[in-house]
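My entries follow in the order I looked things up.

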Amino acid sequence: MPDVRALDYTGSERLTMNMGPQHPSAHGVFRAILTLEGETVVGVDAVIGYLHRCHEKLAETLAYVQYPTIASKTDYVAAMSSELAYVMAAEQIGQFEVPKRAQYLRVIVGELQRIASHCLWLGTWCMDMGGALGGGATIFLYCIRERELVLDLFESLVGARLLYGFHQVGGVRYDLPDGWVQQCRRTVDLIEQRLDEYEGMLADNPFFTMRTRGVGVISAALAQDVGVSGPLLRGSGIAYDLRRAQPYSSYGDFAFDVPVRPAGDCEARYLVRMVEFRQSIRIIRQALDGLPPGPISSRPGVKSLAQVKVPKGEAYARVEGPRGEVGCYLVSDGSNKPYRMKWRGASFSNLAVLPHILPGTSVADVVAIMGSVDPVFGEVDR
Amino acid sequence: MTPERARELLTLVEGVTTIEGTAPIVARVQPEAWQATARFAKDTLGCAFFNFLTAIDWKAEGLEVIARLDNLEARVSVQLRTKLGAGGTACPSLVPVYRGANWMERECYDMFGVEFAGHPDRRRILLADDWEGHPLLKSYAVDTPHPPYR
């Protein structure tokens, strides 16, 4: 907790306010113990851990075949990215090959997941800022409507809408059903049109601009020092995207732009994500056009617990998830279970920036800033 | 800065025992040189990005603390590792060097019981304050009732 005595104290009464873990705008189970002077935040103590399920310990007790479905449950809004990080780490140590078709399918579902996740972020964030945006619920419902279309695609692919179990060591579990490609094209076409509508509602809205411009500034130096990644890092002026910096799953085959905004405020993070929506659509179209034929797994039919053994060694695999760098650090002792697994959750590091940027802002801005960080608590406390 | 140049420079740092690989560069350091090596990585190698910090319990050999630091522009990654020795839990804190180490070290204390000397806020972060034991230690039993929660 920052030392409140260091801030200029004008003599008024100080108030301690608990924001969360049940506050409707707290984005999950986050408790911020705010020290207030009037409406101004002078101290923040962040409390996390309400959801903690000891994922890392759990991974050490489960076989490589079993854990990917559990990996979904870390970042449950973008389950595809966490699954991918885990199986990629196991593939790196075991040097298992992944067929080209599986790599393209991983890209397609990964980008669809980014769209679905950003939809939920945009909707809930606008709801947070509520009143200023004419209720805010309108755009929330719009976003959920579009998110559902993407979840329909996932449902017809894997049979689940939230937690997928799609990736497996050596490839993916399911191939595309009939008509899926056409359905996917229709969906992204529609979402692309709707994005124009969202921007029409928000970009020209003076209330939206007032609530976001210059609010919650994260400098480039602070962002790196804390290890903030994803749209937050790029919104602070650093052009770093793992899909470009360290291409995995054939990302090198696709043309796309990495949006960067220098301001570091809530508006910059919003603008970065809005460009990412469109770039994801661009990648999906290229991947659907160039989808290669062939097998979807180099290890088909691997189901029993002992079948996937990974040689001794360690690897750190990372994926550019919707919230930033999702990393999985695996240490193998040669058995069918990892000796040690570490989740590097993007939300955990992103959220850790809050105590550095909240002091000096108003209570209402806390809500806007927290929403712009887009934390998912399953990934924060794992 | 290139990974090869970073490797060369790291060999000059006192307390670095072995260096392997290039992506990432894995440098094993003495616990006494832990903070100084991290500062060197930040200031000289340009690794301004604090990626993560964690530990591994090697059972009889004791705990090993690992930190990953990145230079995003030059694409240089450094993984620092230090062994605390059998039964050892004392490790210098990286918070004076990287602010991002704050939550990561709290988590590491919570899960492994590593005591980071110089950390400004040594509280549990993920588990309740009155939780007994450190769950990611290999000696922590998972299948027995554990008071007061199970």
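Predicted model: local features only at pLDDT ≥ 70, side-chain atom pairs only at ≥ 80, totals over all residues.

**Entry 1: salt bridges in chain A.** I took E325(A) and R318(A) first. Their side chains form a salt bridge, N to O 3.2 Å, which is inside the 4 Å cut-off. Both E325(A) and R318(A) are buried.

Next I looked up E267(A). Its salt-bridge partner is R213(A), with 2.9 Å between the closest N and O atoms. The pair joins distant parts of the chain, 54 residues apart. E267(A) lies in helix α11 (residues 266–289) of chain A, and R213(A) sits in the loop between α7 (206–212) and α8 (220–226). Is E267(A) buried or exposed? E267(A) has a relative accessible area of 14% and is buried. R213(A) is exposed, at 53% relative accessibility.

**Entry 2: the overall count.** I then asked how many salt bridges the structure holds over all chains. The count is 46. I also noted a salt-bridge network that links E56(A), E60(A), R340(A), K342(A), R382(A), E107(B) and K138(B).

**Entry 3: a buried glutamate in chain B.** I moved to E105(B), placed in helix α3 (residues 101–112) of chain B. E105(B) is buried but has no salt bridge. Which side chain of opposite charge is nearest to E105(B)? That is R122(B), 8.4 Å away. The salt-bridge cut-off is 4 Å, so R122(B) at 8.4 Å does not qualify as a partner of E105(B).

I listed the contacts of E105(B), leaving aside neighbours within four places in sequence. They are L53(B), P92(B), S93(B), L94(B), V95(B), F116(B) and H119(B).

R122(B) is partly exposed, with a relative accessible area of 47%. E115(B) is also partly exposed, at 34%.

**Entry 4: the sheet in chain B.** I traced an open sheet of 5 strands in chain B, in the order β1-β2-β5-β4-β3, with mixed pairing.

β1(B) pairs with strand β2 (residues 25–29) of chain B in the antiparallel sense, over 4 bridges. T18(B) has R28(B) in β2(B) as its bridge partner.

How values were computed
Residues numbered from 1 in each chain as written. Chains lettered and ligands numbered in written order. Heavy atoms only, no water. Helix = DSSP H or I, 4+ residues; strand = E, 2+ residues; numbered from the N terminus. Buried < 20%, exposed > 50% of the residue type's maximum accessible area, 1.4 Å probe, protein only. Lys, Arg positive; Asp, Glu negative; His and termini not counted. Contact = heavy atoms within 4.5 Å. Pairing = 2+ DSSP bridges.
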